[in-house]
Amino acid sequence: MTALCPSTVDELGAAIAETAATHPRLLITGNGTAEGWGAPARPADATVDTTGLTGVIRYSPADMTIAVRAGTPLAIVQQVVREHGQRVALDPARAAQDATVGGLLATADAGPLRTSHGSLRDLVIGTTVVLADGTTARSGGHVIKNVAGYDLAKLFHGSLGTLGVVAEVVLRLHPAPRAVTTVRVPASAEHGFQVATHLVTSGVEAAALEWCAGPDDRLLVRLEGTPDGVADRVREVSADGATVLTDDEACEEWSAVAATAVGEPGDTVVRFGALPAAGPAALGKIRAFADDLGLGVTISSSVPAGVHTVRVHGGAARAHSHLLAALHDDHHANVTVLRRDGLHTSSAWGPPPSAIRVMRAVKHRFDPTCRFGAGRFDGWLDDEKGLS
Amino acid sequence: MTGDVRAEFVAALGADAVLADPVELRAYECDGLTGFRVVPALVLLPRTAAAVADAVRICARERIPFVARGAGTGLSGGALPVANGVVISLQRLRSIIEVDPVNRRAVVEPGVTNLDISRAAAPHGLYFAPDPSSQQVCTIGGNIAENSGGAHCLKYGFTVHHVLSADVVLPDGTTAVLGADSPHLGGYDLLGAFIGSEGTLGIATRITVKLLPKPAAVRTLVADFPSVEQAGDAVTSIIAAGIVPAAAEMMDAVAIEAVQAALDAGYSRDTAAALIVELDGPQAEVDIQFAEVRQLCQNHGTTNIRVAGDEHERALVWKGRKAAFAAVGRISPDYIVQDGVVPRTLLATALTRIGELAAAAGLRVSNVFHAGDGNLHPLVLYSEAAGELERAEELSRAIAELCVDLGGSLSGEHGIGTDKACSMPRQFSEDDLATMALLRAAYDTDGICNPGKVLPTPRLCGEKPGVHRPHPLEAAGLIERT
Ligand SMILES: Cc1cc2nc3c(=O)[nH]c(=O)nc-3n(C[C@H](O)[C@H](O)[C@H](O)COP(=O)(O)OP(=O)(O)OC[C@H]3O[C@@H](n4cnc5c(N)ncnc54)[C@H](O)[C@@H]3O)c2cc1C
C-alpha cells in the first residue's frame, strides 16, 4: 500500500491535499500500538505514516511546556523533559511500546496516573491538525491558561484517526516527583473501593489508586512527593496487611498493570467507564461471567475515576464476544475495545451514545468525504456510505 | 418577531416566563462588559430543561437567534443579546439535584451559583474547585461556557477539568448528554469541546460536576519584593523547584496602595510588588515545601514575608487580593479590565512593555495577576470625563495583542465574546478560524446560537469595541473582581 511519510507539517498538508483524487481513503498510523483499538479499519488507499513527523519543536523548561511533532514517541518526550526534572503526567501502557503522542491523543489513552492527572485531554494545551483537504489548523497555544477560541484538541481526543491527522501537540508538563513509593493492600474489589475512597477523602493525595485482580486481588497506592513527605504519608496509608514495596517490587506491580492493558496475542482487552461506586459490582459480574464461560480475566481499575481495563484470555472466541456483549449491555457506549484478537466478530462498539448525532455532524463537517479511518467506529459513523 | 411567535412562547413557557416589557428587557441589555448594549426582543425565563428545549425548538423553527444567560457577570460580552433575538435566562433553573459524597460529584441545574455548589458539598468535606472571584453570583452554566478559572487553577485546573457530563439542548432544539459517569467514553470528547465554547454550541441544562475533598493542610504567605520582576523570578524559581502552588498571585504598588486604602488587608504600602503564595495538600508535603518557598523568596530578595497565622489572617489576605479590582476602581474614575496571558517566563518583559505602552498613551496601568500561569489582568485607568476613553480602549487592545505577540493568548479566563472577536485574527490564521467555524456549524447549522461571539464577523468588526464600567453587582458591593 502507498504510504505518505511526511516529515514536516507542510509536507503532511501537501501530501493529503495532493492525494485527494488518487487516494481517497486514508488510514493514519503512528507506531501501530493501537491497531487493535475500536473496530477494524476498512482497507484504505494509502496510509498516512506519522512516524517521520518527530522531534521537539520548542521546549521551555521554565514555562513547563513542550511542543512536539505528533509522531514523537511519548517515551522520547519523557526522556527529554526528565533531564530537567519534569514529566508528562501520563503513563499509558503503550508508552513502553513507543506509542506516539498523536496516537495517544487520538485514542484518549491513559494509565494509572489518570487518578491524579487525567488523560491527554487534560494535558494538551495546543494542537495543530491537518484535515482531509490538507487544511492545517491550530488551536490553543503555548500557554497553560488560554480560553481563546474552540479547543479542537478535545475533539481529536478519542477520534481514533477519523477526523484528521494530529500533526503537532503542545503539552503542559509537571515536576517529576522527587520520591515515589507504592504500598500494596490486599483487597477485594469492594474493600479496595472503600480503602481508596477513604484515602481520597483523607487528603493524602495519592498519585494513583489502582485496584488489580489476577492472580491476587490488591489495591496499589502510589504516593509521590518529597522524600520526607512521602515517608510520612506512607505511614498514614499503611494499614494491617499493607506492604510498602521496594522499588523493584513496585516496578513489577506497575508493569503488571501495563501488561493488562496491552494483553497478549489471542487476548481481548476492553476498557470501560462507570460510576466509581458501581465498580465493584460491575467487576464482580464480569468475573462471574468469565468463570461461567471458562475465560481468564485480569483487571486493572483506576478506582476513583471509575475506569476499568479488563484483559480476557483463554477460552473460545465466541465466549470473548459474549463477554463484550455483556459489557455493552451494562455500560453502553462507554466501552472501548483495546485489543480484539480474541473476538469472534469484528463488531467492537455497543449502542451509540446519546450525542451520536453531534459526533456524526462533527465528522461530516471535518471529513465530509470520509477520507479518514473508515470502519473504526463501526456503525456509529456511517462512513462507508458517506454521510448526509 | 411576530405576535404569533410570542404567543407560542407564552403557550409553551407560561406568561410569567416571557418578558416583553421594554423596561424589563433593559435589565438584560448587557453583561459585565457594559460598554456593549443591545436590547433583545424577548427574554424567556424557563423553569425546566424541557421548557428550555421547547423555547429553542421554536427559535430553531423560526430562525430566531437566542443567547443563553446565567448571572450576566461575564466580562467579554458573551451574554450580549442579539437585536430581534431572545435571551434565554437560566436563572430559574436553580436546584441542586443531588450531592453524591460517595462518588464525589454533584448534579445541578445551570442557574446554580458556583459557590452554592461548594456550600452544598461542604457538609461532606467536599467542594467544587473552580473559584472565580465572582463565585457568589456567577452560575455553573456560565462557568462551563467560559471555562472559568480562579485563583487556585494553577494546581487544580479550570472548569473543564471538573465537569463530568452535561445535558445540553442543541441549537435545533434536540437534546443530548455530553460526557459520561466516568472520564472514559467512546468517541470524540464533545463535552470538552462544549466547555469554553461561550454559549455558542447549545445550552447546558443539567450538569454533573466533580467534587474534591478539602485539602488536609493549607499555608499562605505574602512576600514583598523591591520589583515586580524579582517577584516574577521568585515564582519561576518556586515552580522550577518542582513545587506546584495552589495559587501564586501578584499585585503591583498601585494595586496594593488601592487595596490598603479601601480595606486594611495588611499589605505593606511601601513595596513595589506583593506575591501571595498558597500551598495545600498533605500536611507533611505542605510543611516541607512551605519552608522551601520562604527560602526561595529570600534568595530572590524579598524584603518582608508575612505568613497567615490562622484561617482569619488567610481570609484577609484573599479578601485584599480579591478586592483589588474594585479598590483600583476607587482611585480612578473609570477603568478597563484586560485579561491576557503570556508565558510565565516573559512576565517581566510583558510588564516592562505594558509600562512603555502606558507611558506612551499617557495613562496609568495597574497590574494584578495570576503570576503562576502568566495570566495578566492589567487595569487601564482613565477618565471618560477627561476624554481619555478612546486612548484607554486602544491601550487595552494593544496590551491584549502584545500578549499574543509574546507567544501568549488574548484571554486566560474572561473569554473572547463580543469584546475580542475582532482581535482573533491576531492569534489565529484564517484556516484556524475556518476550522473552528466547522465545529460551530456541526452543532449549530443555522447560526442562531449566540451569533456574533468568539469568531470575527465583518458586521461586528466594523463596529467600535466597548469598555468596562463597574458591573451593577460590583457597584452594589456584592461581588469583587480579580
Ligand atoms: C467581579 C467579577 C469577577 C470575576 N472574576 C472571575 C475570575 O476570577 N475568573 C473567571 O474565570 N471569571 C471571572 N469573572 C467573569 C465571569 O464571572 C465568569 O465568566 C462567569 O463564569 C460567568 O458566569 P455567568 O453566570 O455570569 O454567565 P453570563 O455572563 O450570564 O454568561 C457568560 C456566557 O455563558 C453563556 N451561558 C450562560 N449560561 C449558559 C448555559 N447554561 N449553557 C450554555 N451557555 C451558557 C452565555 O451565553 C455567555 O456566553 C468575573 C466577573 C466579574 C464581574
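Modeller: What follows is a set of questions about the labels used for this structure, each with its grounds.

Modeller: This is a predicted model, in which local features need pLDDT of at least 70 and side-chain atom pairs count only at pLDDT 80 or more, while totals for chains, interfaces and linings use all residues. Residues are numbered from 1 along each chain as its sequence is written, chains are lettered from A and ligands numbered from 1 in the order in which they are written, and side-chain values use heavy atoms, with hydrogens and water left out.

Biologist: Why is A:Glu252 called exposed?

Modeller: The relative accessible area of A:Glu252 is 61%, and exposed means over 50%, whereas buried means under 20% and partly exposed lies in between (1.4 Å probe, protein chains only); A:Glu252 is therefore exposed. This residue belongs to helix α9 of chain A, residues 247-262, where helices (H or I, at least four residues) and strands (E, at least two) are DSSP runs, numbered from the N terminus.

Biologist: Which residues gather with A:Glu252 in a patch of negative charge on the surface?

Modeller: A:Asp247, A:Asp248 and A:Glu249 gather there with A:Glu252. A patch is made of residues with over 30% relative accessible area and no salt bridge, like charges being joined within 9 Å and nonpolar side chains (Val, Leu, Ile, Met, Phe, Trp, Tyr) within 5 Å.

Biologist: What makes A:Ala89 buried?

Modeller: A:Ala89 has a relative accessible area of 0%, so the label buried applies. A:Ala89 sits in the loop between β6 (86-87) and α3 (101-107) of chain A, and its C-alpha is 8.7 Å from that of A:Arg172, although the two are 83 residues apart in sequence.

Biologist: How do you know that strand β15 of chain A is mostly covered?

Modeller: Six of the six residues in β15(A), residues 268-273, are buried. The cover is found on both faces, with A:Thr268, A:Val270 and A:Phe272 buried on one side and A:Val269, A:Arg271 and A:Gly273 buried on the other.

Biologist: Which strands does β15(A) pair with, and how many bridges join them?

Modeller: Two strands pair if DSSP finds at least two bridges between them. Six bridges join β15(A) to β17 (residues 307-313) of chain A in an antiparallel arrangement, and A:Phe272 has A:His308 as its bridge partner in β17(A). Four bridges join β15(A) to β18 (residues 335-339) of chain A, again antiparallel, with A:Val270 standing opposite A:Val337 in β18(A).

Biologist: Why is B:Ala327 called buried, and where does it lie?

Modeller: B:Ala327 is buried because its relative accessible area is 2%, and it lies in helix α12 (residues 324-331) of chain B. In α12(B), six of the eight residues are buried, among them B:Phe325 and B:Val328.

Biologist: What is the omega of the peptide bond from A:Gly214 to A:Pro215?

Modeller: Omega is near -5° for this bond, which is cis, and A:Pro215 is found in the loop between β12 (208-213) and β13 (218-225) of chain A.

Note on methods:
Accessible areas come from the Shrake-Rupley method with a 1.4 Å probe; for residues, only the protein chains shown count as cover. A salt bridge is a side-chain nitrogen of Lys or Arg within 4 Å of a carboxyl oxygen of Asp or Glu. Lys and Arg count as positive and Asp and Glu as negative; His and the chain ends are not counted. The place of a charge is taken as NZ of Lys, CZ of Arg, CG of Asp or CD of Glu.
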